[in-house]
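Have the structure open beside them as you read.

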Amino acid sequence: MSIALLIEQLLNGLQLGVMLFLMAAGLTLIFGVMGLINLAHGSLYMVGAFACAAVAAATGSFWIGLVASLIASAAAGAITEIVVIRRLYDRDHLDQVLATFALILMFSEGMRWLFGSFPLYLDIPPLLQGAVPLPGVGQYQLYRLAIIGVGIVVAIGLYFLIARTRLGMRIRAGESDREMIGALGVDIRTLYTVVFALGAALAGLAGAMVGALQSVQVGMGEPVLILAFVVIVIGGIGSIKGALFGAILVGVVDTMGRFLLPKIFALVLPAAQAGLIGAALASMLIYIVMAFILAFRPSGLFAAQS
Amino acid sequence: MKKTIAAGIFGLTLATAGLANAEPVKIGVITTLSGGGAGLGTDMRDAFVLAMKQSGNKDVELVIEDDAQKPEIAVQIAEKMIQSDKVDLMTGIIWSNLAMAVVPNAVSQDIIYLSPNAGPSALAGAKCSPNYFNVAYQNDNFHEAMGQYANKDYKKTFILAPNYPAGKDSLTGFKRYYKGELAGEIYTQVGQTDYAAEIAQIRDSGADSVFFFLPGGMGIAFMKQYAQSGVNIPVMGPSFSFSQDILPAVGDAALGVKNSASWAKDLDNEANKAFVEAFQAEYNRLPSVYAAQSWDTANLILSAMAKASVKDKDAFRAALKAADFKSVRGDFSFNTNNHPIQNIYVREVIKEGDVLTNKIIGTAFEKHGDAYAEQCKM
């Protein structure tokens with residue numbers, strides 16, 4: 001095992017983390033501001049990927065597809081908020097889980113109805129094809145570097161949006177006291193729709209970017225959704241900073257676990273068995289880390305003050 | 001998570017029994033028609049329905065239901081088909097874990113089950129049954145073929161598969177015939193979509209070839225990421241990641257990849273030509289290996305119906321076992337454990353115009369059975 005391989009795996013972990021951050025940021029924002037558990041967040045990720053694949057296939061341009069995915073997922077988010085989610089703010093979490101679970105089923109079968117049962121094709125744009133040499137690493141896939149770049153830009157953008165703009169101020173105010181900012185004349189209903197659409201657009205962006213790396217198919221959002229929930233629980237629900245740190249922690253731990261655990265077991269066991277046990281433990285690793293963190297910090301690493 | 005999505009039942013071409021002595025046969029088809037795996041089930045169903053339609057046989061009634069790729073739903077549907085629909089035969093299941101949940105129970109109630117795809121090792125060996133016919137393959141077969149084929153060109157292969165029973169069967173099957181050294185052996189998570197960590201290890205391992213079994217979306221993700229990684233080691237695998245339903249989503253990344261299967265659309269026999277033509281004319285797409293196996297299953301049933309009444313179970317089982325039908329795979333017969341003895345081919349992904357498809361480039365095994373037949377006592 002070389003240093004180059006180790007650095008490459010760290011980059012892989014970082015890239016997975018950045019992708020999770022795009023999902024988790026929207027999820028945690030929606031939970032923080034509106035107190036809503038949105039299981040259908042993974043469906044918005046799927047909507048983004050399908051929109052990008054369909055538009056890219058029709059126009060031949062990934063970039064137009066990417067714009068379309070942002071528009072489609074934000075629109076899907078806004079419509080869902082107005083039609084369904086709006087009625088759920090005053091209900092308890094169980095009702096929210098049930099309703100948003102129903103949304104998952106509707107989105108999934110809706111996509112299947114629109115695009116058919118077979119997975120869609122979405123390729124990486126020509127500009128980002130192939131691998132580039134990195135000092136100390138050898139070859140590294142250009143597109144993954146681009147995903148890391150986009151993640152960093154989004155993280156900085158969100159920070160400015162929340163800390164420096166009027167919209168961000170309202171979001172923060174909405175988080176602390178919903179009735180009070182309503183009484184001060186802020187249109188809280190529109191604010192919620194905007195926040196929900198923003199979260200949806202981030203999920204759609206993640207879906208479109210990841211869709212080029214894997215298969216665009218019905219149900220692609222749910223595995224990511226589970227990881228995104230782990231991220232926001234680790235990071236502290238409602239905290240964007242927590243989502244960023246949680247996402248990178250989960251990404252790196254998951255990647256390094258998959259890579260290193262079988263190797264560690266191989267020191268004492270035959271290769272085939274070490275592979276099996278290592279893989280089994282690697283798939284549990286992030287949950288073990290989550291349990292460990294919650295044992296010491298029950299409300300996550302960067303809990304928003306309640 | 002229980003998906004109770006439009007599980008449609010459509011009885012098909014049920015005409016009033018014309019002939020007095022013709023015994024109508026009711027066939028229960030449980031397959032995956034919703035969710036991520038729906039492409040496979042759709043191909044299975046379409047080929048089956050088309051074969052029945054083409055035969056013009058009026059004595060067949062189909063009960064088709066969607067299992068949503070969930071074992072618990074498949075079990076409920078099977079129970080309903082046996083108890084209230086009173087089906088004579090069952091077929092359709094795509095996935096091994098669903099087959100394991102449904103088949104042992106169904107065959108113990110004297111229902112004849114014909115598998116158009118899954119072939120878990122347990123049902124081929126100790127748990128085999130006279131009521132269970134596998135028309136597709138035993139799970140290890142395609143992987144064994146790739147192991148055999150790899151001996152020709154490769155000395156150091158890196159192998160990977162998901163960490164679940166079919167994944168373990170796969171690597172066991174590959175290693176049963178592969179004589180070279182292993183550069184690495186990795187079990188990935190089921191449903192994993194990011195393979196950067198595994199590809200980095202392949203790059204680092206000094207392997208001269210890669211064998212992988214990653215069905216469905218996992219394989220699409222792996223192939224796309226592999227093609228972008230700058231790793232140029234040749235890839236091979238069973239046909240599941242290179243079948244007609246998946247190739248359009250993988251794209252050009254799949255070009256040139258060697259894969260193993262019992263069937264390809266260019267297999268030279270009359271039955272196959274007629275099948276590919278009919279399927280394309282009806283559905284306007286190329287059939288996959290799942291469609292081919294399902295087509296054979298339907299024709300096997302029709303051949304047995306011509307010989308025996310389904311009410312006389314012994315005679316009907318004997319008629320099935322004779323396998324007296326024109327298989328699109330050429331020579332086809334049943335082993336002692338009711339699993340196929342057939343050729344397994346090596347195919348290469350090519351481009352015909354704009355369409356990615358497979359072409360046969362060699363035969364890995366002739367008249368190949370499976371490793372578990374000896375354990376089957378019936």
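This is a predicted model: local features need pLDDT of at least 70, side-chain atom pairs count only at pLDDT 80 or more; totals for chains, interfaces and linings use all residues.

I took helices (H or I, at least four residues) and strands (E, at least two) as DSSP runs, numbered from the N terminus. For the expected span of a helix I used 1.5 Å times one less than its number of residues.

Residues are numbered from 1 along each chain as its sequence is written, chains are lettered from A and ligands numbered from 1 in the order in which they are written, and side-chain values use heavy atoms, with hydrogens and water left out.

**Entry: helix 2 of chain B**

I began with helix 2 of chain B, residues 71-85. Its 15 residues reach 20 Å from the first C-alpha to the last, close to the 21 Å expected at 1.5 Å a residue.

Which residues of this helix are buried? I found Ile73(B), Ala74(B), Ile77(B), Ala78(B), Met81(B), Ile82(B) and Asp85(B). Buried here means under 20% relative accessible area, exposed over 50%, and partly exposed in between (1.4 Å probe, protein chains only).

Why do they lie on the same side of helix 2 of chain B? They do so because they cover an arc of only 160° around the axis; the arc is that of the directions from the helix axis to the C-beta atoms. An α-helix has 3.6 residues a turn, so residues three or four places apart point the same way.

I then looked up what covers these buried residues: the cover includes strand 1 (25-31), strand 2 (60-66), strand 3 (89-91) and helix 3 (96-108) of chain B. Contact means heavy atoms within 4.5 Å. After helix 2 of chain B comes Lys86(B), with a positive phi near 55°.

**Entry: a loop glycine in chain A**

Gly136(A) sits in the loop between strand 1 (131-134) and strand 2 (138-141) of chain A. I have it as exposed because its relative accessibility is 52%. Leaving out residues up to four places away in sequence, Gly136(A) touches Ala4(A) and Ile7(A). From Gly136(A) to Asp95(A) I noted 41 residues in sequence and 52 Å in space, C-alpha to C-alpha.

**Entry: salt bridges**

How many salt bridges does the structure hold? Over all chains there are 25, each being a side-chain nitrogen of Lys or Arg within 4 Å of a carboxyl oxygen of Asp or Glu.

I picked out Asp194(B) with Arg144(A), whose closest N and O atoms are 3.0 Å apart. This pair crosses between chains, from the loop between strand 7 (181-188) and helix 7 (196-205) of chain B to helix 5 of chain A. Asp194(B) and Arg144(A) are both buried.

Next I looked at Glu352(B) and Lys265(B), which meet at 3.1 Å, N to O. Glu352(B) lies in strand 12 (residues 340-352) of chain B and Lys265(B) in the loop between strand 10 (258-261) and helix 10 (270-283), so the pair ties together parts 87 residues apart in sequence. Glu352(B) counts as partly exposed, at 40% relative accessibility, whereas Lys265(B) is buried, at 19%.

My last pair was Lys307(B) and Asp324(B), with closest N and O atoms 3.4 Å apart. Lys307(B) is partly exposed at 47%, and Asp324(B) is partly exposed at 48%.
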